Amino acid sequence: MKAQLSLMLPLIEGEIPASYVSRLAALHHTPPRDFCSDLGMRWPFLCTGHEDQIERLSWLTGLPATQLQRWSARKLSIGRYKVGRTYSSTGVFRRTVTRLCPICAEEALSATGPHGVAQLLEWSVLSLHRCETHGCALITLPPAPHAHLAYDVVAQARKYQGRIRDAAKSPMFLEPTAFEAYVRERIYEGPQADWLQALDLTNLHRASLTLGAALEGVPAREVALMGRGDERSLCQGGFERLCVGAEGLTGALDRLRTQSTAERPYFSADLGPFYHWLWSVYDDPSLSQITELTREHVYKTYPVDLNQYVLGEKPQKVIWLRTAVQN
């Protein structure tokens with residue numbers, strides 16, 4: 001297909017369509033909203049990943065619609081999105097937050113100008129903190145005054161060009177983690193055939209983070225206050241258990257019981273942040289396996305009254321627990 005635009009830019013690997021249009025509009029010296037209107041598109045709908053807008057953009061640029069769709073974030077319902085080839089809620093996905101690799105952005109500013117700065121799809125996923133190309137921490141630019149201005153990455157790059165360059169001069173380098181690699185694979189390739197495949201990105205993050213926090217003895221109230229380094233470490237620790245399979249989770253739950261220092265251990269205290277998180281979302285069907293394993297662990301390990309609810313269900317029978325024999 002021949003491109004319908006006379007002035008073109010290459011689409012960057014992983015770049016969201018709104019970012020690409022922002023750069024094309026800057027190349028044509030017009031705001032993205034006017035650029036879209038002049039060419040039969042609607043900027044707000046393009047930003048939210050409407051399929052007809054992606055098809056129109058494909059026709060105008062000659063780029064495959066499948067490629068543009070693969071790197072888009074389409075709104076499915078309030079607070080829920082299709083992110084590339086996986087799904088997420090606003091728990092870890094923010095379309096209106098401009099997150100960039102400072103080195104990528106500075107290289108583009110120096111070589112091309114603001115219209116070279118792109119926003120990659122994966123950078124909008126808050127559980128990812130590292131640029132795969134340069135290994136440095138992503139930076140977050142101040143919020144735009146209006147949601148649709150936030151999608152205009154060129155305008156943001158122009159406004160905060162000095163901040164980007166300062167960050168690029170002294171970047172923070174981060175080690176890769178298996179958790180972030182797994183999330184990234186989900187975005188671009190889709191869920192793999194493992195027992196975590198039903199979890200969206202938010203539940204995957206919260207399960208890994210809270211399990212890691214519980215294993216390290218971090219209280220639930222402190223989890224939300226942690227910095228990037230601690231969060232990455234705890235996510236990795238929890239994910240190392242979860243990625244093994246169901247036996248990895250049951251082993252972690254057993255370890256939390258043995259770690260208890262309470263005179264009379266109680267499951268909600270021993271499982272800490274992990275139980276507090278699971279209690280708030282246990283009715284999500286995608287978490288049924290994790291919920292059932294955790295509930296069975298509680299029944300087999302702790303005294304539970306037949307009238308007591310554990311993650312939405314009562315015990316179906318009396319379970320006799322072994323107690324240590326005192327000499």
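Leu249, Leu253, Leu256 and Arg257 of α14 touch Asp270, Leu271 and Phe274 of α15, where touching, or contact, means heavy atoms within 4.5 Å. For the classes, Ala, Val, Leu, Ile, Met, Phe, Trp, Tyr, Cys and Pro are nonpolar, Asp, Glu, Lys and Arg are charged, and the others, Gly among them, are polar. Helices here are DSSP runs (H or I, at least four residues), numbered from the N terminus.

A quick word on the model: it is predicted, so local features need pLDDT of at least 70 and side-chain atom pairs count only at pLDDT 80 or more, while totals for chains, interfaces and linings use all residues. Residues are numbered from 1 along each chain as its sequence is written, and side-chain values use heavy atoms, with hydrogens and water left out.

Back to the helices. The axes of α14 and α15 come within 9 Å and cross at roughly 140 degrees; axes are lines fitted to C-alpha atoms, for helices over the stretch in contact, with angles from 0 to 180 degrees between N-to-C directions. α14 and α15 are therefore oblique to each other, since angles under 35 degrees count as roughly parallel, over 145 as roughly antiparallel, 65 to 115 as roughly perpendicular and the rest as oblique.

| Pair | Axes come within | Crossing angle |
|---|---|---|
| α14 and α15 | 9 Å | roughly 140 degrees |
| α11 and α14 | 10 Å | roughly 30 degrees |
| α6 and α9 | 8 Å | roughly 120 degrees |

α14 (residues 246-259) also meets α11 (residues 201-215). Leu211, Ala214 and Leu215 come from α11, and Leu249, Ala252, Arg255, Leu256 and Gln259 from α14. Six of these residues are nonpolar, one is polar and one is charged. α11 passes α14 in a left-handed crossing, meaning that the near helix is turned anticlockwise from the far one by less than a right angle (clockwise would be right-handed).

Elsewhere, α6 (residues 102-111) crosses α9 (residues 161-169) at roughly 120 degrees, which makes α6 oblique to α9. This crossing is left-handed. On the α6 side sit Pro102, Ile103, Ala105, Glu106, Leu109 and Ser110, and they meet Gln161, Ile164, Arg165, Ala167 and Ala168 of α9. The contact of α6 with α9 has seven nonpolar, two polar and two charged residues.

On a 1 Å grid over the protein atoms alone, a cavity is a set of points where a 1.4 Å probe fits but cannot get out; a pocket is an open set with protein on both sides within 12 Å along at least five of seven lines, and lining residues have an atom within 4 Å of a point. Points are joined across faces, edges and corners, and a volume is the space filled by probe spheres set on them.

The second largest pocket holds about 260 Å³. Its lining has 15 residues, with Ala214, Gly217, Ala269, Asp270 and Gly272 nearest the centre. α15 gives the largest share, five residues.

There are two cavities of 30 Å³ or more. The largest has about 110 Å³ of space, and of its 13 lining residues, Ile16, Ala18, Cys47, Ala73 and Arg95 are closest to the centre. The second largest cavity has about 50 Å³, and its lining includes Ile16, Ala18 and Arg95.

Technical notes:
Helix = DSSP H or I, 4+ residues; strand = E, 2+ residues; numbered from the N terminus.
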